[in-house]
Each structure stands twice: as C-alpha cells, then as structure tokens.
Amino acid sequence: MKIRGRGIFLLAAALTVASGCQKQSQPAEGVWATVDGKDITRTQVDKYYRTQLNPDAPQPSQDEALSLQLNILDELINNQILLQQAKKLGLEAADGEVEDKFTEFKSPYTEDEFQRQLKARGYTVDDLRSDIRQQLSIQKVINREVVAKIAVTDQDVQDFYNQNRAQFNVTEPQYRIAQIVVTPHKDPGLRNRKNDDATTDAEARRKAAALEQQLSTGADFSQVAMDYSEDPASAGSGGDLGYVPESSLSQSDPALKKEVLSLKPGQISGVIVLRDSYRILKLVSKEAPGQRELSDPSVQQSIRDNIRNRKEQLLRAAYLAVARSNAKITNFLAQQVVESAGKLPVVVTPKAASDAPPK
C-alpha cells in the first residue's frame, strides 16, 4: 500500500501503548483515545486516514487499514499533547495569525478554485482555520522549546568538515536544475497549486507556450512551477531538482542534456519537446569539480543546516517523549486491538480522498 505525506504535524514514532493505557471503563461511542481528558475521536482519525491513501492503488486490507489508523491516532495524540503545551505556555495562535495564514493559503486560487480544493479534501472553511490554528500553535511550541535552544558553533562546523571532508570533493560538474513539466494526459497524483492539468497534446502545447510567455515577461520560475507544473515530485518545491551530476544528464533524454549544457546559471530554456511531455528548464547554478573548502560560504551554510536539522530532530523527539510521560493518555483503539489479538474492531475503510489536507 502506497501512502502519501500529510498536512498534520508529524513526529514519527513506533506505536507506543502510552502511559495511562491500562484497561479502563468503556469510552463514549466513537472515542478512540483521550489525552488529559481531551477526546480524540474516530471521526478525527478517519478525516486524516482518507488523505493517506493513493486513489490509484488497491484498497488496503483490514490489517493494513487498522495499522495506518493506529499510527494516525498516535500522531493525533502527539498533536494534542503539544496543543496543551501551547495553552500552558501561552503560545496559542492568535486570530490575526490564523487569518494571515488562511489568506496566504487561499491567495493562489480564485474563489471557485478554493471551494473546489476544500470540497476535494472534505474540508469546510472552519476545518481549515482549525487546522491552521493547531499547526501554528504547535510550531510556536517547537520554536520556543526546541529550535531556540539549538546552537551551532564554529567549532561544530569545523569538526563536521574535518570528519566529512570527502563529502565536499566534487568529482564531476554538477548542475542545479529546476523544471516545469506539462504532459498531454491526466495525472491523478498531480498536486500543483492551481490544480491545472492538461489532458490532450493540444492543451499541453498551448499551456507550455503560455507558461513560456509568462516567464519571458518576468514571472518567477518557482512560483509558476508551483502553480502549473505537472510533475508531482517537484511542483511543490518550485520545480527544484537539486544538483544533478553531469553523468546523470548523459542518461537522460539527449535534448534535455543539450539544453542544460547550453544554459548559463540563471537562464531559462524555451519549451523542450520530448516524447511524453513538454518541459521548461532553469539552470539555477553550476558547480565545477574539485574540493570545496570550508572557506566557501555555501559549504559552511550547508554544514550548519545539516547540524541544526539533526539537533532539532533529536531534541524534538526528546521533548515529545518527556511531554508524553507527563500526560495521562488512554489509547482505547490500541487496547481493543491488543485484547482482540488484532482481530477487532472491524475497521470500515473510508474512500480515499483526492488530496492531502491543506497546509
């Protein structure tokens, strides 16, 4: 079963039958867990469950569905713990912050497009605002209790470089490439911001030409890619493919390699006609082979980012573990699964949604 990433706050962890999971009295109907007296319902779990299924893949078995629902429930437990931390610390998102984020999410769409997006996700405007408030509140907790406590020193950077010097030896030219892809067929996995997808070759040609015109008049490449590119893997990141070694270019379509090699950093190609798609490329930067020294600002920044990300991941996991140990958690669904040796309860698999919840 293939599942997709999701918009709820994820702190990956194996399923834990957390503190407070001793056998308790029967919960109210539809309540699958409680966190310090706050209910988490099956309806909440199912809302996110529907967004995790690939609509093109076979429906999961009951065991697979139940396993996924247990994982989602555990994540919602984590969310509730962090939301309660936000309340204790006075870090709940203000109405103005929620409205600003709501406007930011809505801004790329017309009103009709926005309503279609909500409907496709099974969301209401109130659902979206509620999710935004939760995400902002949780992020405030993480920023204050985790991110603000991370320090990366010059010595940390020096030590990392010395221990990983070979990692900074570029053995061949590398090209950082971004792309906009247009295809002549419908893609159920498409996730660009405009929900724009050509369905015929004539539509694809017209769309590619229109995007080329936008770019030629100064439109931002990454914004156009996020709005219109039909590559599910890169549209969300503005079409950025990262650094591609020259040897990998040799394994791609010769037309693509020829175009990349002809571009200078910052330049954008015209429409490249391939067998199965139309593409527009941007050469973001080019990196010559050789040892990259620590004096290179980009090397220093990449090391700092790497160290900071690792420290944040570690401290975040530790912070959540401590918060969970101080909370009273009852996971009724996990209890039922254990007590029935995995046979109960019968899980009705909801129909897959067409998209993940808005972020």
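Two strands are taken to pair if DSSP finds at least two bridges between them, and helices (H or I, at least four residues) and strands (E, at least two) are DSSP runs, numbered from the N terminus. The model is predicted, and local features need pLDDT of at least 70, side-chain atom pairs count only at pLDDT 80 or more, and totals for chains, interfaces and linings use all residues. Residues are numbered from 1 along each chain as its sequence is written, and side-chain values use heavy atoms, with hydrogens and water left out.

View 1. Strands E1 and E2 run antiparallel and are joined by four bridges, and they form a hairpin with two residues between them. Val-35 stands opposite Lys-38 in E2, and Val-35 also stands opposite Ile-329 in E9. The pairing of E1 with strand E9 (residues 329-331) is likewise antiparallel and extends over three bridges. Five of the five residues of E1 are buried, so this strand is largely enclosed by the rest of the structure; buried means under 20% relative accessible area, exposed over 50%, and partly exposed in between (1.4 Å probe, protein chains only).

View 2. Asp-36 lies in the loop between E1 and E2. Its phi is near 50°, a positive value in a residue other than glycine. With a relative accessible area of 39%, Asp-36 is partly exposed.

**View 3. Helix H1 and its packing.** In H1, the buried residues are Val-45, Asp-46, Lys-47, Tyr-48 and Tyr-49. These buried residues of H1 pack against strand E1 (31-35), E2, H2 and H5, where a contact means heavy atoms within 4.5 Å.

**View 4. The second largest pocket.** On a 1 Å grid over the protein atoms alone, a cavity is a set of points where a 1.4 Å probe fits but cannot get out, whereas a pocket is an open set with protein on both sides within 12 Å along at least five of seven lines, and lining residues have an atom within 4 Å of a point. The second largest pocket has a volume of about 500 Å³, a volume being the space filled by probe spheres set on the points, with grid points joined across faces, edges and corners. Its lining comprises 20 residues, of which Gln-44, Gln-80, Leu-83, Ser-130 and Gln-134 lie nearest its centre. At least two lining residues come from each of strand E2 (38-41), helix H1 (42-49), helix H2 (62-89) and helix H5 (125-145). By class, the lining of this pocket has four nonpolar, eight polar and eight charged residues (Ala, Val, Leu, Ile, Met, Phe, Trp, Tyr, Cys and Pro count as nonpolar, Asp, Glu, Lys and Arg as charged, and the others, Gly among them, as polar).

**View 5. The open sheet E5-E4-E7-E6.** Four strands form an open sheet in the order E5-E4-E7-E6, with antiparallel pairing. Strand E5 (240-245) and E6 stand at the edges, each with a single partner strand, so one side of each is left without a neighbour in the sheet. Strand E4 (residues 174-182) pairs with strand E7 (residues 278-287) in the antiparallel sense over nine bridges, and Gln-179 has Leu-281 in E7 as its bridge partner. Strand E6 (residues 272-273) and E7 are joined in the antiparallel sense by two bridges, with Arg-279 in E7 as the bridge partner of Ile-272. E6 and E7 form a hairpin with four residues between them.

**View 6. Arg-308 on helix H11.** Arg-308 lies in helix H11 (residues 297-325) and, at 31% relative accessibility, counts as partly exposed. Not counting residues up to four places away in sequence, Arg-308 touches Val-147, Ile-150 and Val-152. Arg-308 and Ile-150 are 158 residues apart in sequence and 7.0 Å apart in space, C-alpha to C-alpha.

**View 7. Confidence along the chain.** The chain averages a pLDDT of 86, and 87% of the residues score at least 70, pLDDT being the predictor's confidence in each residue, from 0 to 100. Over residues 1-24 the pLDDT is below 50, and this stretch has 71 contacts in the model beyond near neighbours in sequence. Residues 352-359 also stay under 50, with 36 contacts beyond four places in sequence. Where pLDDT is low, the predicted coordinates should not be read in detail.
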